[in-house]
Amino acid sequence: MDVFLQQLVNGLSLGSIYALLALGYTMVYGIIKLINFAHGDIYMIGAFWGYYIINTYHVDFFVALVSAMVVTAILGMVIEFLAYRPLRKAPRITALITAIGVSYFLENGMSLLFGANTRDFPQIITHKTLTFMGIEISNIQVLILCTSIFLMIVLQIIVKKTKMGIAMRAVAIDPDAAELMGINSNHVISFTFGLGSALAGAAGVLIGLYYNSIDPMMGMVPGIKAFVAAVVGGIGSIPGAAIGGFVIGTLETLIQAVGLSAYKDAAVYIVLILILIVLPTGLLGKSAKEKV
Amino acid sequence: MTKILIAQDVSKVFGGLTAVEKVNISIEKGQIAALIGPNGAGKTTFFNALTGVAPATTGKVLFNPNGTEIDITKTGPGKIAKMGIVRTFQNIRLFDQMTVSENIKIALTKNYRESFLDTILRTPKFMKEEERVEDWTNDFLKKFDLYDVKDVQATNLAYGMQRRVEIARAVATEPKVIFLDEPAAGMNPEETNELSKLIKRLQTEFGLTVVLIEHDMSLVMNLAEKIYVLNHGKLIAEGSAADIQADDAVIEAYLGGEHHVKSR
Amino acid sequence: MKNLKIRGVWLVLMIAGFYLINFLVGAGVIDSFIENMIVTIGINIILAVGLNLIIGYAGQFSLGHAGFMAIGAYTTAIIVAKLPTTIGFYVSIFAGIAIAVLFALIIGIPTLRLRGDYLAIATMGAAEIIRVIINNLKITNGAAGMFNIPNLASWPTVYILVCVTTIIIVNFSRSRAGRALQAIRDDEIAAESVGITPLKWKLAAFVLGTATASVAGSLHAVYIQTITPGDFGIMSSVSLLIIVVMGGVGSYTGTVVAAVILGVLDTALQSLGALRMLIYAVILILIMMFKPSGLLGHYELSFTKIWDKISSRSNKINPKGEQS
């Protein structure tokens, strides 16, 4: 039981990273129906920004986190403006390929600038292990969980309570009708990219602290996993993305714990396919059956 | 007269809302029947239940194409179409990227006789089949006055023509019963007139049983031998055009409270 | 008569292409480096044409094509290790097709009911599952992969198989099957209403597309002679998707053109390291921005159309001109 709870805690920390990433996927997908393949690379940039600013200016965790969020938010909006906005009316598959192009660009641009090798992330927080009812929790795990949950709550407030949040939901449901109501959908989409990217940037700094190593290709696999998490949760649904992230993170950790780590990716995809077969739009997704 | 299609106590419930409640109808073979009612009366929902698009929650749908009744309550739309019940849609659903002729050929998919090997090897059998279908399609299009536009892409046709293609495509599957969902919607009087003639021909020339949903009362009264009136999901009247025109419940349903107040 | 002549034109073109490459190899213009490029392009054409059938005609967004390529590659590697002859190779191609078809059915029957992006993510997952299984099996030598696979195919084999698979897929697309697929793609509800069973046709396209992917995998194994599970990851599926979209979804001519352009580009930039992928990324983004429907859009090279144009023009000159 203790072992199980221990793995559950580990799974939740990893899951919260996936959840932060999945939120960005789900928001962007919800609003412009684009699988933003470059999202995982924004997370990588967030991690690199944290690395750079901590090493150069010796700032503390909080400054690193917030500045990474600001930088990635701006980056996300710039990418949207330059690469995706011109394709608003193009076939969706075209935008997807462009997103893949942006992903390649960021990965290889960073490799070219900083080298492809793995670096140690500066450990600004002294690692401590707390024991609680026989379960070991590191202070970094606590930090990751608390930060993620805090950010998710902030996001929920923004989406549900602010004017911009209402506009986001309106554009997601019907962009044309939203335009007629005087909503500038370009601003809203830009804001959505900024918000999603900021969360990815935060996730990047957190994962740097957790795994202690970063490299330019680090965004690819978590990016795909996070997208799977968003789909499992029901793409377009914000609580769904959070739940999906925790489910995938926990599942992966538990599979690893029972000694099947070679099959952990397969397990994630099997769960994905099973969920989609039973619930074709994910756990919390709304089914959109065409009216005749 | 044999009953070709029978609905017994058909209900359709969405969540807590009963859109269609215990409707009974029986359509005679070779008849033109019409289903009318104010907006939101549940006509299309009922249609969807009969054609398998969204099966009935309770009740039974029976189809009797040639002497034996088949229960088709839970049968999917593809299978129902193959059995001989086809439909057109309220908002025309053509294959936009294809030509008129290709749209018709789609309906013949099940009638081909060549195999996969014939297809990839382009055997003489394949060529013969393609030719046979081409000839059949051309003849068929002539019957619907569509031969001249056979190579036009479906989206580029005028509205009335698109409707005609959609009906032709449904007839090309060689059905027994054809359902027309608001065929005259959005048409000008001239087009409606043409449509009326076409529907009559479906009955006389192609021997079809026709069921239509329509708001254009002159069209309905003109064509339909039997009219069913639906209001708030319930069947409130059935009978000939004359019966329906004289029916109090129908008049009230259409004119609503206003009439009600006046009659008091 | 017209049909026969047009088929003749294609046949002559294919034979001419063969002898052109043959001549250039003999004359030393095509060295082993360029031959390698040509074979890679050929294998990519087989894969991308099959994928275009699934995406362009059937409208089914599959992101798992590399998984089926892996099945063909590993089947061939395992069989020719025991039976290192040309016959062994051909047996292995058919064995690979059989296994790929089996997997396509297992994966396709439940997932092809899903729509759009959900299908993409499910097929991607399925391909990853195939890869993880290969990664953990003894017979496939796990993550290390299989090497020293006997070289049983050179460019002529690849050339012929490119022609054969393309003919099969193009002919399939230009028949009632292709029309049914387009109908389902345009409007599934309407297609069903005229008695078409969407799942059946989607599955047919999926199975055929994956079968050719398996053939490409077999060729890859015996030509490259080394395969690892990593060769068949998501990124390989993505690069095939890029070929299809760049050429124009639904245009087989476009697929061939894009496969050639990307193949040449890839070889030309090979010495540049990370910069190569950067340039590749920029080119990709720019093409998508300026040609959103791909290089060729829906255009398809058709001698029938060219023929009709020429004959209608000659008819105008000579109104009594006989139609042959």
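Colleague: In which helix of chain A is Ile270(A) found?
Modeller: This is a predicted model. Ile270(A) belongs to a nonpolar patch on the surface, along with residues including Leu274(A) and Ile277(A). The helix of chain A that holds Ile270(A) is α11.

Colleague: Is Ile270(A) buried, partly exposed or exposed?
Modeller: Buried means under 20% relative accessible area, and exposed means over 50%. Ile270(A) has 40% relative accessibility, so the label is partly exposed.

Colleague: Which helix gives the most to the nonpolar patch?
Modeller: The patch has about 730 Å² of accessible area together. Two helices of chain A, α10 (238–257) and α11 (264–278), each supply at least two of its residues. The one that gives the most, with four residues, is α11(A).

Colleague: Is the crossing of α9(A) past α5(C) left-handed or right-handed?
Modeller: Helix α5 of chain C spans residues 116–136, and its axis is 11 Å from that of α9(A), at an angle of about 130°. This makes α9(A) oblique to α5(C). Past α10(A), the crossing of α9(A) is right-handed. Past α5(C), it is left-handed.

Colleague: How many residues apart in sequence are the parts tied together by Glu129(B) and Arg113(B)?
Modeller: Side chains of opposite charge can pair when their charged atoms come close. Glu129(B) and Arg113(B) form a salt bridge, with the closest N and O atoms 3.7 Å apart. Glu129(B) lies in helix α5 of chain B and Arg113(B) in the loop between α3 and α4, so the parts they tie together are apart in sequence by 16 residues.

Colleague: Which helix of chain B holds Glu194(B), the salt-bridge partner of Arg164(B)?
Modeller: The two side chains meet at 3.3 Å, N to O. Arg164(B) lies in α6 of chain B and Glu194(B) in another helix, so the pair ties together parts 30 residues apart in sequence; the helix with Glu194(B) is α7.

Methods
Residues are numbered from 1 along each chain as its sequence is written. Chains are lettered from A and ligands numbered from 1 in the order in which they are written. This is a predicted model: local features need pLDDT of at least 70, side-chain atom pairs count only at pLDDT 80 or more; totals for chains, interfaces and linings use all residues. Side-chain values use heavy atoms; hydrogens and water are left out. Patches are made of residues with over 30% relative accessible area and no salt bridge: like charges are joined within 9 Å, nonpolar side chains (Val, Leu, Ile, Met, Phe, Trp, Tyr) within 5 Å. Accessible areas come from the Shrake-Rupley method with a 1.4 Å probe; for residues, only the protein chains shown count as cover. A salt bridge is a side-chain nitrogen of Lys or Arg within 4 Å of a carboxyl oxygen of Asp or Glu. Buried means under 20% relative accessible area, exposed over 50%, partly exposed in between (1.4 Å probe, protein chains only). A crossing is left-handed if the near helix is turned anticlockwise from the far one by less than a right angle, and right-handed if clockwise. Axes are lines fitted to C-alpha atoms, for helices over the stretch in contact, and angles run from 0 to 180 degrees between N-to-C directions. Angles under 35 degrees count as roughly parallel, over 145 as roughly antiparallel, 65 to 115 as roughly perpendicular and the rest as oblique.
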